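Here is a short note to read beside the model. Please follow the points in order.

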Amino acid sequence: MFDKYNNENYVQFSWRPRPPSLLSPEKEEEILKNLKKYSKNYETDDQDISVLLSEQECEKRKQLKEEWERWVNEWKRDHEEQMLRDREASDVEGAEQVEELVDVTEEILPDVHIF
């Protein structure tokens, strides 16, 4: 078995032996005979746990998605409010500029002589 491997670099090779079994040989044999029955029980338990974890994961993802959508909607609302405020401010500035231009035009017109 070890002939396949190059053992020249190994200084020490050891393994930990298995401890003696705490079960009697009859009990070990019984367990081996009923292994399929035991494994079915554990498989159903594992499947139940897997389904539960899957449901929890789905619920967590749903909550994260709802939280994201709330944040996006809040950001959109704040952004639209800011755009409206900016638009109103520019409208007010534009109205003041128009008034000033009208005032300037009114002041200029009386000084003009028409021939």
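1. Start with one pair. R61 and E57 form a salt bridge, their closest N and O atoms being 3.5 Å apart. The term salt bridge stands for a side-chain nitrogen of Lys or Arg within 4 Å of a carboxyl oxygen of Asp or Glu. Side chains of opposite charge can pair when their charged atoms come close.

2. Some ground rules. This is a predicted model: local features need pLDDT of at least 70, side-chain atom pairs count only at pLDDT 80 or more, and totals for chains, interfaces and linings use all residues. Residues are numbered from 1 along each chain as its sequence is written, and side-chain values use heavy atoms, with hydrogens and water left out.

3. Back to the pair. Both R61 and E57 lie in helix α2, 4 residues apart, about one turn of the helix. Helices are DSSP runs (H or I, at least four residues), as are strands (E, at least two), numbered from the N terminus. R61 is exposed, at 57% relative accessible area. E57 is partly exposed, at 36%. The cut-offs: buried is under 20% relative accessible area, exposed over 50%, partly exposed in between (1.4 Å probe, protein chains only).

4. The whole chain. It has 2 helices and 0 strands. Of its 115 residues, 1% are buried. The chain exposes about 12200 Å², and carbon and sulfur atoms supply 55% of that. Accessible areas come from the Shrake-Rupley method with a 1.4 Å probe; for residues, only the protein chains shown count as cover.

5. The whole structure holds 5. R77, D78, E81 and R85 are linked in a network of them. R77 meets D78 at 3.5 Å, N to O. R85 meets E81 at 3.7 Å, N to O. R85 and E81 are about one helical turn apart, because they sit 4 residues apart in helix α2. R77 is partly exposed at 44% relative accessibility, and so is R85 at 45%.

6. Two surface patches. W68, W71 and W75 make a nonpolar patch of about 430 Å². W75 lies in helix α2 and is partly exposed, at 47%. E43, D45, D46 and D48 gather in a patch of negative charge. D46 belongs to helix α2 (residues 35–108) and counts as exposed, at 51%. Patch residues have over 30% relative accessible area and no salt bridge; like charges are joined within 9 Å, nonpolar side chains (Val, Leu, Ile, Met, Phe, Trp, Tyr) within 5 Å. Asp and Glu count as negative, Lys and Arg as positive; His and the chain ends are not counted. A charge is placed at NZ of Lys, CZ of Arg, CG of Asp or CD of Glu.
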